Amino acid sequence: MPTTAAPLPITPPPFTTARLDALPLQPAYAEEMAAVLADPALYGFTGGEPPAPAVLRARYERQCAGSPDPGERWWNWVLRVRADGEAGGGLAGYVQATLRGPRAEIAWVVGTPWQGRGYATEAAQGLVAQLAAAGGVREIVAHIHPDHAASAAVAVAAGLGPTGEWEDGERRWAASVTPPPVP
């Protein structure tokens with residue numbers, strides 16, 4: 001008898017990596033995340049500027065409410081570094097996925113003070129694994145500025161490869177997801 005997969009929840013489940021807790025986004029994180037995202041250098045490839053806490057809170061409220069398109073899910077997590085392997089460290093960045101049917105478009109940002117420690121790679125790998133386990137995702141996509149070597153390295157480590165497609169001056173990177181085995 002054919003079955004229909006249950007719709008994905010609006011709020012994503014949390015996940016963990018060796019050093020990070022990926023926590024579902026909440027507006028209460030806005031003030032701490034504004035500090036994480038405060039360095040103007042973070043916006044060199046993407047444009048924009050550091051958001052004020054109130055602006056970030058309003059954005060998080062919209063994101064947490066979910067997409068107005070019922071066929072789309074906005075999954076957003078903040079990244080908390082575990083202090084000495086325990087919960088309770090500070091926030092260091094975020095990962096996100098926009099899910100449309102079998103495709104998930106992902107992105108990651110790690111604040112400047114936490115860069116160079118492998119957190120972005122660890123978070124992106126964890127995100128890809130989380131999406132593969134969620135079921136229904138068959139393709140993962142990211143868009144990366146051609147001069148952003150660090151993000152390209154993160155994409156490769158997460159299993160994505162560059163394609164010949166471009167959007168708004170960024171190269172499309174993609175990976176196929178193998179469906180989990182049926183029990």
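Biologist: In which strand is E72 found?
Modeller: E72 is found in strand β3 of this predicted model.

Biologist: Why is E72 called buried?
Modeller: The relative accessible area of E72 is 11%. Buried means under 20%, so E72, at 11%, is buried.

Biologist: What makes the link between the side chains of E72 and S67 a polar contact?
Modeller: The two side chains are joined at 2.8 Å. The cut-off is a pair of N or O atoms within 3.5 Å, where one must be able to donate a hydrogen and the other to accept it. The E72 and S67 pair is listed as a polar contact at 2.8 Å.

Biologist: Which residues does E72 touch, not counting residues up to four places away in sequence?
Modeller: They are S67, T98, L99 and R100. As for G101, its C-alpha atom is separated from that of E72 by 7.3 Å, although the two residues are 29 apart along the chain.

Biologist: What makes β2 and β3 a pair of strands?
Modeller: Five bridges join β2 to β3, which covers residues 72–81, and the two run antiparallel. Pairing needs at least two bridges, so five bridges are enough for β2 and β3 to pair.

Biologist: How many bridges join β1 to β2?
Modeller: Two bridges join β1, residues 15–16, to β2, and these strands also run antiparallel. At least two are needed, so β1 and β2 pair as well. F15 has A22 as its bridge partner in β2. A hairpin of three residues joins β1 to β2.

Biologist: Why is β2 described as largely enclosed by the rest of the structure?
Modeller: Strand β2 covers residues 20–24, and four of its five residues are buried, so the rest of the structure largely encloses β2.

Biologist: How do you know that the span of helix α3 agrees with its number of residues?
Modeller: Helix α3 has 16 residues, 119–134. At 1.5 Å a residue, α3 should span 22 Å, and its end C-alpha atoms are 22 Å apart, so the values agree. Among the buried residues of α3 are Y119, A123, L127 and L131. After α3 comes G135, whose phi is positive, near 85 degrees.

Biologist: What is the pattern along the whole protein chain?
Modeller: The chain has four helices and eight strands, and their order is β-β-α-α-β-β-β-α-β-α-β-β. Of its 183 residues, 40% are buried.

Terms used:
Residues are numbered from 1 along each chain as its sequence is written. This is a predicted model: local features need pLDDT of at least 70, side-chain atom pairs count only at pLDDT 80 or more; totals for chains, interfaces and linings use all residues. Side-chain values use heavy atoms; hydrogens and water are left out. Buried means under 20% relative accessible area, exposed over 50%, partly exposed in between (1.4 Å probe, protein chains only). The expected span of a helix is 1.5 Å times one less than its number of residues. Contact means heavy atoms within 4.5 Å.
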